[in-house]
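Could you walk me through this model, starting with how its chains are arranged and then moving to a few individual residues? A friendly tour would be welcome.

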There are 2 protein chains.
Amino acid sequence: MATKVNTPKGTKDILPDEMVNRNYVINIIKNQFKKFCFNQIETPSIENSSTLMGKYGEEGDKLIFKILNSGNYSKNIDKNLLDKQNKEDLNFLTNTISNKALRYDLTIPFARFVTQHQDKLHFPFKRYQIQPVWRAEKPQRGRLREFYQCDADIIGSKSLWQEVELIQLYDQVFNDLNLDVTIELNNRKILHGITEIIGEIDKITDITVALDKLDKIGAEKVKEEILSKGISKESVDKLSELIYIEGDNLEKVKTLKRILSTSEIGKEGIKELEFILDALANIKLKRAKIVFKITLARGLNYYTGSIFEVRSDYGDIGSIGGGGRYDNLTGVFGLKNISGVGISFGLERIYMILEQSKIFEKLDRNITQVLFLNLGELGALESMKYISILRENNINAEMFPDSQNIKKQISYANKRNIPFIAMIGDEELKSDFITVKNMSEAKQDRYTIDELLNIFSL
Amino acid sequence: MATKVNTPKGTKDILPDEMVNRNYVINIIKNQFKKFCFNQIETPSIENSSTLMGKYGEEGDKLIFKILNSGNYSKNIDKNLLDKQNKEDLNFLTNTISNKALRYDLTIPFARFVTQHQDKLHFPFKRYQIQPVWRAEKPQRGRLREFYQCDADIIGSKSLWQEVELIQLYDQVFNDLNLDVTIELNNRKILHGITEIIGEIDKITDITVALDKLDKIGAEKVKEEILSKGISKESVDKLSELIYIEGDNLEKVKTLKRILSTSEIGKEGIKELEFILDALANIKLKRAKIVFKITLARGLNYYTGSIFEVRSDYGDIGSIGGGGRYDNLTGVFGLKNISGVGISFGLERIYMILEQSKIFEKLDRNITQVLFLNLGELGALESMKYISILRENNINAEMFPDSQNIKKQISYANKRNIPFIAMIGDEELKSDFITVKNMSEAKQDRYTIDELLNIFSL
């Protein structure tokens, strides 16, 4: 009875080769998280639906994977709901048969975590988290239904030094990954100020949602979208003018300062931005460029201050990182007045870029350092003893399990690119020697175990 | 609008302290997996329901978490199914609204993986996998609905050296964890032989399922269960006699050899067991005891040869590891004649034992090595520069983000057990010195950054 054998749409297995690449990237990131003093946490994959629903907008709610209640859920189904095909009835039906859902991102679960464990945490609390999330999206290149997110957040202080630190963290990680990146910086308060100046402050959400799509759909389509939200053509023209300010970071700041001089919140945004740019100019980044981008909006509406986005300088693959300041994230869970700021790394896209940059080709993906051939029961027993000694000395060693067909054993070592094979045959059994063959030089020699340990520890 | 803030029943958050414990255990296991040359893989959390259903018995099917199809699933519901409350109708209904499910263990997904990727793998293929699984069980101590499994399998060879190697692997890991354990060993072929001898070969599944519960429910209840399956009292008495053989491993082997002399499969089982015991007597384990336990059955019916189980010698918490040989696991997915053998580590129970053994208390859970106090903007900027240098030299350093209230900053360092605090005040700004206080000795001194690097690198 053969069943269909593949992973579900939008999910994939990670084979050993790719696992080595992923671990390489994740270890670099973890190493910097540690130096920057972030604590690791994990949250469950499953959350109560009430924790997740309504936090990601209507579109997000649809993309959350819901888990069917166990037991006989069917007795709770109200048949009358099945006839009506509207959204409300479907949601109601879903609530009768499902009360849990799969994590959609790491941010809302973290807000729930902070609220739930507030008594056990010391604020400011710095946490990192690397775990999969699930979204019922249409799968496409670089966008799966199950993928890892990798977030670092600091919660419990409004200090702008944290923004400075998070940008340094980006800089260090991308430097370690040998990637040239540009970190785009903006502030929601500046966007707020701009909507104030053009007289459309109540439309700030529509404007930021539309602006967020600028790189994807272009200026014309953004204009159309904003117009469709009932904003006057006059305001839109004014907006277009304001956001296309030319010049370097300092020149843009100078121009905007003048434009926003009558907006208190706009001026506050500029002040925050200047503090961050000043500090970074003093401390100096290792490699990343930092650009003040007035059109950077970030769609999520929980941001309230600084926002960041990272782009690779090689080809346009979209953002490979992003984040920002949120003053109210735990508010929905009843914990008020806690400010936080966080960034995330777009692991899947970072992998895609590194694949192109060929850095993965240089990684050592050779788990076995020496394979003992199996030349019969006595030799095998002796080999297993030597293998124990090698492992004791941190050398990855193993034996081919079956003794038949030496050619097949050697071909196995070749296919797996194992650098050394070792042999214990009749002659070796009579002596203290192990015959070892260097597979790349096709050269073989006899060594005692001590000599072998020396060779491998070089 | 405050929502209920907790994790769903049977799931939990992992806070930084516990994360340190878990990483300690997992790193020890991973380190040995590497020395034994196992490759890491990952499979998706979500599998097609057709991959999972029917593989874990009827009870298992019920415990699998099903994921509701996205979109308007409700239009596929056949109302007539809602009236009938029998199992078949519920299953049918579930299939109309759900085609994906959460991983229940790592073994079936691995069998699916091997079948799907057979052309890309070199056999024998050794893989390890550490990922969460989900079961809709009643939560109890040491048994959650979401928990990590940790499996190592070798697939593509029938060699008994693999059983030897896997037992060595258990021995090394538990030695590294400083835990005294007993590895119980048996062979399904011996159990097969025994049912042959008592004339109940067609009841082998009922007998192994019942025997598997021996430690949990006791001999009397096991007898009752076997009797209830239609096995004669005579056979049950004979069985009781056979499985309670006294003596050490060699004595038990000797007695069983005589008893099973007319059963071909029984003799094969004994021969395999002897090979493993012989090899281990020659190679020697570091710490674990190995016991041939005739009543060891393991409930899962895919095992066909050797079976293992590990028990801690401190108190009875149940098995902390188990596994065995399966000759046909990929058969259900259409890939025939591939033998495999594997073991798994019961991480949650291992944590519970280590918590009692107080080994976790000795772990360094101090992520921050030095905290710079924030004594105002200029000092903070200078501090951030020094912090960059410290991090560059692999020292975990950070600054308190806010400058108000020095007492609060020191109390924060104390609460987090940070060993050193550093200060850049007005005097330090005029010099090249950093004032550093050792929090445990309440002693402070001035150092240059080079002196500080020296201190921390000791």
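Chain A superposes on chain B by a rotation of 180° with 0.0 Å of shift along the axis, at an RMSD of 0.0 Å, using least squares on the C-alpha atoms of residues with pLDDT of at least 70 in both copies. The two copies are thus related as by a two-fold rotation axis. Within chain A, the residue that comes closest to this axis is A:Ile67, whose C-alpha is 2.2 Å away. The copies meet through the same surface, because 100% of the interface residues of chain A are also interface residues in chain B.

A word on conventions: this is a predicted model, in which local features need pLDDT of at least 70 and side-chain atom pairs count only at pLDDT 80 or more, while totals for chains, interfaces and linings use all residues. Residues are numbered from 1 along each chain as its sequence is written, chains are lettered from A and ligands numbered from 1 in the order in which they are written, and side-chain values use heavy atoms, without hydrogens and water.

| Residue | Location | Relative accessible area |
|---|---|---|
| B:Ser159 | loop between β6 (146–155) and α7 (161–176) of chain B | 7% |
| A:Thr107 | helix α6 (residues 107–116) of chain A | 8% |
| A:Asp153 | strand β6 (residues 146–155) of chain A | 3% |

Leaving aside neighbours within four places in sequence, B:Ser159 is in contact (heavy atoms within 4.5 Å) with A:Pro401, A:Asp402 and B:Arg325. A polar atom of the B:Ser159 side chain also lies 3.1 Å from the backbone nitrogen of B:Trp161.

Not counting residues up to four places away in sequence, A:Thr107 touches A:Asp151, A:Tyr302 and A:Leu329. With that same exclusion, the contacts of A:Asp153 include A:Phe38, A:Phe110 and A:Tyr326. The side chains of A:Asp153 and A:Arg127 make a polar contact at 2.8 Å (N or O atoms within 3.5 Å, one able to donate a hydrogen and the other to accept it; residues adjacent in sequence count only if both atoms are side-chain atoms).

Notes:
Helix = DSSP H or I, 4+ residues; strand = E, 2+ residues; numbered from the N terminus. Buried < 20%, exposed > 50% of the residue type's maximum accessible area, 1.4 Å probe, protein only.
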